[in-house]
Amino acid sequence: MKNIIGSLAIALVVLAGCKVSKDVATPKDGLPENFRNAVTTGDTSSIADLQWKNFFTDAALQKLIDSAIERNYDMQVAVKNIEAADLQFKQVKWNYVPTLGLNVTANTNRPSDNSVTGLSIKQYNIGTKHIEDYNANLSLSWEADIWGKIRSQNREALAQYLQTNEAKRAVQTNIVSSVSQGYYNLLMLDEQLEIAKKNVKLNDSTLRIIKLQYDAGQVTLLGVQQAQAQLEAAAQLVPQFERDITVQENGLSILAGRLPNAIERNVTLNDITFPETLSTGIPSAMVSRRPDVRSSELALNIANARVGIAKAQLYPSLTITGQGGLNSFKSSNWFNIPASLFGTVAGGIAQPLLQHKQLRTQYEVAKVDREKTVIQFRQSVLNAVGEVSDALVRLQKLKEQQAIAANRVKTLQQATSNASMLFKNGLATYLEVITAQGNVLQSELDLASIKMAQLSANAELYRSLGGGWK
């Protein structure tokens with residue numbers, strides 16, 4: 001027996017370092033030097049390196065994001081997933097430990113007098129026709145990790161645990177981005193509501209003048225009706241914006257894990273500003289920062305581990321078993337030590353034969369799945385770079401639109417003022433006044449929308465670069 005155990009120990013030493021499968025490395029190619037539409041300044045830092053509180057500086061918005069991170073139900077589920085994965089990872093570590101069991105049995109058997117056992121009892125003349133057996137033992141079983149199967153299982157569990165952390169980070173980045181964009185949309189609706197109310201007052205003033213002219217016979221009833229319709233067109237926007245404000249407040253409340261309620265805000269849309277140029281850093285740094293890309297990279301680690309597990313199943317497994325305890329056919333002698341002591345040790349090598357084809361297929365499928373994971377990783381990198389480039393071009397073009405829209409608003413505001421003055425002096429028609437007021441209303445609403453889109457694009461750029469989880 002000592003020779004057998006010694007031979008097995010030597011075999012373990014020789015084979016313990018064997019690795020039956022080769023891992024596929026994470027692809028590092030395919031990344032551009034810089035993002036498309038990025039302003040190249042030579043600065044490799046990125047806004048995504050900032051903590052979200054240093055990027056979103058409005059106090060009310062910070063309070064809202066804090067609440068969402070703490071109370072959002074998607075976030076809470078992500079935390080529970082981390083807890084579950086942590087328990088699984090700790091459990092897998094015990095795969096190296098032998099299986100140990102305690103067995104205590106007592107049984108009695110009355111064999112037939114004509115059976116071999118019954119005849120033997122008569123021969124030994126033990127004074128009874130019953131056979132009693134009392135056994136208390138510890139049984140141990142241990143499979144040697146020759147081909148790295150248990151190591152691969154540990155690698156898989158670790159990568160799955162880290163994936164849950166990345167999933168939590170991804171949820172948080174989306175929450176930070178969604179809350180900030182919803183907040184900016186709320187500020188836009190506030191401004192549009194004020195624009196509509198201001199325009200209602202302007203149209204009401206014009207309507208009163210036209211009615212006076214109608215009473216004096218200077219204009220027809222058509223003029224009064226058109227002015228009234230213009231007033232009502234602006235007035236109907238007020239309940240529309242009030243409805244949208246309430247719906248947006250409800251959405252933000254739910255996102256923050258609260259019952260629908262009013263949202264605190266102490267600033268206007270024009271009070272929120274960001275730097276003219278936001279540093280994006282380099283694509284390679286973004287890839288290592290984005291939670292979804294990191295999760296795809298960890299998926300490749302899982303795929304490598306599963307290939308290793310599947311490959312190890314094809315090779316022989318070495319199992320060592322042992323059993324020892326107390327055994328007696330009389331209860332009175334059960335714990336008579338050392339006479340009742342017994343022990344056995346065995347080692348065995350098992351090689352699958354009929355299941356070899358099935359195991360080979362599982363191994364080939366695992367390799368195909370790994371190839372798919374590599375493709376998915378490349379796609380996640382491609383999507384990430386594309387999202388950053390999209391956010392950059394939106395910011396650039398929205399800045400141009402904002403400049404044009406602001407000039408248009410200024411021009412139309414002057415035109416409206418001039419039209420009203422000329423109309424009061426009889427040098428312009430009511431149609432010119434109504435048209436000017438309608439144009440300035442729409443242009444001011446459009447400018448507010450563009451301002452909100454700019455702020456949202458800043459938030460989206462921050463998220464797409466991997467910011468928001470710190």
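Start with the overall layout of this predicted model. The domain assignment divides the protein into domain 1, made of residues 19-97 + 146-316 + 358-465, and domain 2, made of residues 102-144 + 318-350. How far apart do the C-alpha centres of domain 1 and domain 2 lie? The answer is 72 Å. Where the two domains touch, 7 residues of domain 1 are in contact with 6 residues of domain 2. Between them, domain 1 and domain 2 bury about 440 Å², and 52% of that area is on carbon and sulfur atoms. On the domain 1 side, the residues that lose the most area to domain 2 are Ile 146, Lys 149 and Pro 316, which together account for 73% of what that side buries.

Now let's turn to the helices. Two packed helices are described by the angle between their axes and the distance between the axes. Find helix 6, residues 149-215, and then helix 7, residues 221-235. Their axes are 9 Å apart, and the helices pack at an angle of about 170°. Angles over 145 degrees count as roughly antiparallel, so helix 6 and helix 7 are roughly antiparallel to each other. Their crossing is left-handed. Which residues bring helix 6 and helix 7 together? From helix 6 they include Ala 196, Val 200, Leu 207 and Tyr 214, while helix 7 contributes, among others, Leu 221, Val 224, Leu 231 and Ala 235. Sorted by class, the residues of this contact are 11 nonpolar, 5 polar and 2 charged.

Helix 6 has another partner to look at: helix 8, residues 237-255. The axes of helix 6 and helix 8 come within 9 Å and cross at roughly 165°. Helix 6 and helix 8 are therefore roughly antiparallel too, and their crossing is left-handed. The contact of helix 6 with helix 8 has 13 nonpolar, 5 polar and 5 charged residues.

Finally, go back to helix 7 and look for helix 12, residues 430-464. The axes of helix 7 and helix 12 come within 10 Å and cross at roughly 10°. That angle makes helix 7 roughly parallel to helix 12. Among the residues in this contact are Leu 222, Gln 226 and Ala 234 of helix 7, together with Tyr 430, Ile 434 and Leu 441 of helix 12. The contact of helix 7 with helix 12 divides into 7 nonpolar and 5 polar residues, with no charged ones.

Conventions. Residues are numbered from 1 along each chain as its sequence is written. This is a predicted model: local features need pLDDT of at least 70, side-chain atom pairs count only at pLDDT 80 or more; totals for chains, interfaces and linings use all residues. Side-chain values use heavy atoms; hydrogens and water are left out. Axes are lines fitted to C-alpha atoms, for helices over the stretch in contact, and angles run from 0 to 180 degrees between N-to-C directions. Helices (H or I, at least four residues) and strands (E, at least two) are DSSP runs, numbered from the N terminus. Angles under 35 degrees count as roughly parallel, over 145 as roughly antiparallel, 65 to 115 as roughly perpendicular and the rest as oblique. A crossing is left-handed if the near helix is turned anticlockwise from the far one by less than a right angle, and right-handed if clockwise. Contact means heavy atoms within 4.5 Å. Ala, Val, Leu, Ile, Met, Phe, Trp, Tyr, Cys and Pro count as nonpolar, Asp, Glu, Lys and Arg as charged, and the others, Gly among them, as polar. Domain bounds come from an automatic or database domain assignment. Buried area is the accessible area (1.4 Å probe) that two parts lose on being put together, summed over both.
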